[in-house]
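Hi,

Here is the structure I promised to pass on.

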Amino acid sequence: MTPIDYEFLRKLLKERSGLDLSADKQYLVESRLIPLARKAELPGIAELVGKIKAGSAALTAEVVEAMTTNETFFFRDKIPFDHLRESILPALVQARASRRSLRIWCAASSTGQEPYSIAMCVKEFAGLAGWRVEIVATDLSQEVLEKSKAGIYSQFEVQRGLPIQMLVKYFTQTGELWQLKADLRAMVQHRQLNLLQDFSHLGTFDVIFCRNVLIYFDQDTKVAVFDRLARMVEADGVLLLGAAESVVGISDAFKPYPERRGVYRVNADRTGRAGAAAMPPGMKVVAAR
Ligand SMILES: C[S@@+](CC[C@H](N)C(=O)[O-])C[C@H]1O[C@@H](n2cnc3c(N)ncnc32)[C@H](O)[C@@H]1O
């Protein structure tokens, strides 16, 4: 690939998905885009770039999809789901007792393991019986959303992070594949959404999972996304980030909960919103493992 083509693709990916590739990632781009060029019956990346420059929206979307990393698994990192069950949901059940409804957003939901892990936690949480709980799963990639909607996983995928009792309870087996039961699938609404674009139309949420996507963005993009996320979380709601992500040193739109790694609340001092602790002092603290 020529340096000029690489620079063109770098700029395109940054604009379209926020992916911030360093100058030395040609091999990654080649390994993902050469198969795509072949599929499109083009001799190589130069011709792929040529088609994109000529305005092929379909190929542009395919390039963006091919460069996204969709790695995910059930109950990924375990601790965020412990926080959800043991601190976040109990506090919200108290705080929302009169309205009996909750809204949870799983941004960058990939093939569904994360929103369905949330759905299983909600389903298992006795205090939410009879409540209206909306779980909204969004991703840039239509392809992963389609897989998520189907809720069909391989033996390998269900063996990654999913406790056996959850597998037996919430899935049905067809040959080598496992499908989530319809009632659990119905708990999750899917929508295509690019985090670089306005998402205020989704309304506000009590809990936002935005994990393992911001790591691909540059500093300015992270700051901008944190600012917009802060407007989407209820004043007493929470944001959960991935194990390798943090707001610290990047944005003051959120403040970390010291004993709850990966959990953040809106910084009321900065946003000027009336803040209240979602997890009042004395709530059970889950120790970092
Ligand atoms: C590594 S996966 C993380 C999945 C899940 N959140 C987890 O932690 O297991 C990252 C996901 O972010 C999505 N993504 C990448 N850029 C995005 C963007 N600009 N807007 C929305 N989703 C994006 C990708 O399509 C991919 O499914």
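Lys 78 is partly exposed, with a relative accessible area of 43% (buried means under 20%, exposed over 50%, and partly exposed in between, with a 1.4 Å probe and protein chains only). Lys 78 sits in the loop between α4 and α5, where helices (H or I, at least four residues) and strands (E, at least two) are DSSP runs numbered from the N terminus. Although Lys 78 is not a glycine, it has a positive phi of about 55°.

Before going further, a word on what you are looking at: this is a predicted model, in which local features need pLDDT of at least 70 and side-chain atom pairs count only at pLDDT 80 or more, while totals for chains, interfaces and linings use all residues. Residues are numbered from 1 along each chain as its sequence is written, and side-chain values use heavy atoms, with hydrogens and water left out.

With 35% relative accessibility, Asp 77 counts as partly exposed. Phe 74 has its place in the loop between α4 and α5 and is buried, at a relative accessible area of 0%.

Next, the salt bridges. How many does a search of the whole structure find? The count is 19, taking a salt bridge as a side-chain nitrogen of Lys or Arg within 4 Å of a carboxyl oxygen of Asp or Glu.

One of them joins Asp 82 and Arg 85, whose closest N and O atoms are 3.2 Å apart. Both belong to helix α5 (residues 79-95), and because they are 3 residues apart there, about one helical turn separates them. Is Asp 82 buried or exposed? Asp 82 is buried, with a relative accessible area of 4%, whereas Arg 85 counts as partly exposed at 28%.

Lys 149 is partly exposed at 38% relative accessibility, and Glu 146 is partly exposed with a relative accessible area of 40%.

Lys 147 and Glu 157 meet through their side chains in a salt bridge of 3.0 Å, N to O. Lys 147 lies in helix α7 and Glu 157 in helix α8 (residues 155-159), so this pair ties together parts that are 10 residues apart in sequence. Lys 147 counts as partly exposed, at 28% relative accessibility. There is also a network: Arg 96, Arg 99, Asp 206 and Asp 236 are joined into one by salt bridges that share partners.

Finally, the ligand. Which of the 20 residues around the ligand come nearest? They are Thr 72, Ala 108, Glu 114, Asp 139 and Asn 212, where a residue is near if one of its heavy atoms lies within 4 Å. An N or O atom in the side chain of Glu 114 is 2.8 Å from a nitrogen atom of the ligand. A polar side-chain atom of Asn 194 lies 2.9 Å from a ligand nitrogen, and a polar backbone atom of Arg 211 is 2.9 Å from a nitrogen atom of the ligand. The ligand taken alone exposes 600 Å², of which the protein buries 98%; accessible areas come from the Shrake-Rupley method with a 1.4 Å probe, and for residues only the protein chains shown count as cover.

Best wishes

Technical notes: A polar contact is a pair of N or O atoms within 3.5 Å; within protein, one must be able to donate a hydrogen and the other to accept it, and residues adjacent in sequence count only if both atoms are side-chain atoms.
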